[in-house]
Amino acid sequence: MTAEALVKPDAAAPRATRAPAPPTARPRRRGAVGAAALTTATWAIALVFVSPALWLALTAFKQEGDAATDPPKLFFEPTLDQFRTVLASDFLPYLGNSLTATLLSTLLVLLLGVPAAYALSIRPVRRTQDVLFFFISTKMLPVVAVVVPLYVAAARLSMLDNIWTLVVLYTAMNLPIAVWMLRSFFLEVPRSIIEAASMEGAGLPRVLWSVMLPVMAPGVAATALICMIFSWNEFFLAVNLTASQAATVPVFMVGFITSEGLFWAQLAAAATLASLPIVVIGWTAQRQLVRGLSMGAVK
Amino acid sequence: MSAATGTAPAPRARAAERAQGWALRAPLLPALVFTVVVTQLPFLVTVFYSLQSWNLLRPGSRTFVGPANYLAVFTDAQFLGAASNTVLFTAACVLVSMALGVGLAMLLDRRFPGRGVVRTLLITPFLIIPVATALLWKTTMFDPVFGLVGFVLTPFGLGDVDWVSQYPLVSVVTAMVWQWTPFMMLLVLAGLQSQGRDVIEAGQVDGASRWQMFVGITLPHLRRYIELGVLLGSIYVVNTFDTIYMMTQGGPGTASANLPFYIYQRTFLGFDIGQSAAMGVVVVVGTIIVATLALRLIFRSFMSAQEGIS
């Protein structure tokens, strides 16, 4: 069934112009019925796969009495009470901390990563491969292996429960991947553009800012998106290095860990609110998401 | 490789070249120094700690003990259990989500009504905050009384299973697979859509069967994307902490603890700095061995393809 999807002529339409089907091709049109069945199957599979998320969103609009029932309730009187409860609790400071950590670390990643990726791509530095290999190898370093010294150092510097600690660590966490992605985007910029700008005597900052960045904007956006997802969702460092002042949204969710079937609706509302920023950004920037995830290997 | 130009240049030219070399390298330095300071220095400190007996609960207990911590690590049954769980989680999660990802990507690689909506729906699990995903599966999905999974499986006689307590590994892997499948799907889909139509048409002309074309043409083309997905997926899945923390707390007992969670317990609940540092070092050495083997393979094919683009 699935292989048929690959060879269906209409799938080729948005791509390169294609010659009319050669007469020797086997007749493979099973008619509209087959296509409709495949479409229905695709929709059904997708809905089943994503049903836990839909169920989560649905539960967020329930009263607690409707949330944990046997059998589960699909129809109920929707309410915004749970969202009100979550927002009226101390959720907003956590949200603020998450925004700070995510946006500042992403900004820092770009500030450090763009020049580095430039150096690694435009004009070959000796040992480019070694440096790239080094960057990606730091991602192999499990965080647990460095969390003890980080904790001790943060304690000595009175930086525990400080949002800047998370900003610095999230920057380090995302920088290697970002350098890889950005480099692959830099490789796509025609060299003639840069050479022309350099010839006119533009310095590196100007070349980067006014010549390269406009061309690379989609790539930079893709990189920033990936960094934001990973920073927003990060839990290990947040839960171990923060307490009341700098705790982020994932730490807020820990409060629901013991809710033994009592506060499912509220949990669902909190989870929905906590995920919403990234879900919306990810939905609207799907193309960038794909480019970022494939490290620029995909146009 | 600008410096490697044929004949030996005059001394002055060489000096100029060296100066230019530093100018080229300068933009790289901030990122490099930052990465070394924030990731490599702490690791050296970890190595230093791992040679000491040091428990924060016993002030003044800090002494140099050499390799004793490492000997303890390798005879610690819980550590070994956590290590095998880590391998199991990673392998199961990456393989299953890649298989599902390939399947979903194949379904999406054709035009049909609502294709954009379906893709948007399918990527959502990857975007939901993982701690929420873990709680979602633990409560509304896997709850033995009110859970959706039990409700759906009741006709099959599996309605009363307490998934998280009875099958903690399966439960954790399910939540992780759900989270990572969209990631794999997006990568494979991108690979499918970069596939040249001419090759497929040539195959059609030659009268190859669908299966032959999938195995002979599509899979080899997807190889790079699958390798990339496996590599990136493994990097993140190996370090999974949130799912286990939220769903099982490593339990029952230590049945579902992986290395990040077990080391976390020893560090932040046992305050055994020396021991957990030694575990950290062992994990890093293990990861490096596995990663170098895997990375060398993938790095080559990926780099050569990338250079090809430029």
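Q: In this predicted model, which helix of chain B holds the place of Trp22(B)?
A: The model is a predicted one, and the position asked about belongs to chain B. Trp22(B) has its place in the helix that spans residues 11-25 of that chain, namely helix α1.

Q: Which helix of chain B gives the most to the nonpolar patch?
A: On the surface, Trp22(B), Leu29(B), Val33(B), Val37(B), Leu41(B) and Leu44(B) form a nonpolar patch, and together they have about 560 Å² of accessible area. Whereas Trp22(B) sits in helix α1, five residues of the patch come from the helix of residues 29-50, which is helix α2.

Q: How much area do chain B and chain A bury between them?
A: The contact draws on 113 residues from chain B and 116 residues from chain A. Carbon and sulfur atoms carry 75% of the area that the two chains bury between them, and that buried area is about 11000 Å². In chain B, the residues that lose the most area to chain A, together 7% of what that side buries, are Arg110(B), Leu127(B) and Arg210(B).

Q: How many salt bridges does the rule find across the interface of chain B and chain A?
A: Between chain B and chain A there are eleven residue pairs in polar contact. The side of chain B that touches chain A comprises 75 nonpolar, 24 polar and 14 charged residues. Over all chains the search finds five salt bridges, but across this interface the number is zero.

Definitions and conventions. Residues are numbered from 1 along each chain as its sequence is written. Chains are lettered from A and ligands numbered from 1 in the order in which they are written. This is a predicted model: local features need pLDDT of at least 70, side-chain atom pairs count only at pLDDT 80 or more; totals for chains, interfaces and linings use all residues. Side-chain values use heavy atoms; hydrogens and water are left out. Patches are made of residues with over 30% relative accessible area and no salt bridge: like charges are joined within 9 Å, nonpolar side chains (Val, Leu, Ile, Met, Phe, Trp, Tyr) within 5 Å. Accessible areas come from the Shrake-Rupley method with a 1.4 Å probe; for residues, only the protein chains shown count as cover. A salt bridge is a side-chain nitrogen of Lys or Arg within 4 Å of a carboxyl oxygen of Asp or Glu. Helices (H or I, at least four residues) and strands (E, at least two) are DSSP runs, numbered from the N terminus. Contact means heavy atoms within 4.5 Å. Buried area is the accessible area (1.4 Å probe) that two parts lose on being put together, summed over both. A polar contact is a pair of N or O atoms within 3.5 Å; within protein, one must be able to donate a hydrogen and the other to accept it, and residues adjacent in sequence count only if both atoms are side-chain atoms. Ala, Val, Leu, Ile, Met, Phe, Trp, Tyr, Cys and Pro count as nonpolar, Asp, Glu, Lys and Arg as charged, and the others, Gly among them, as polar.
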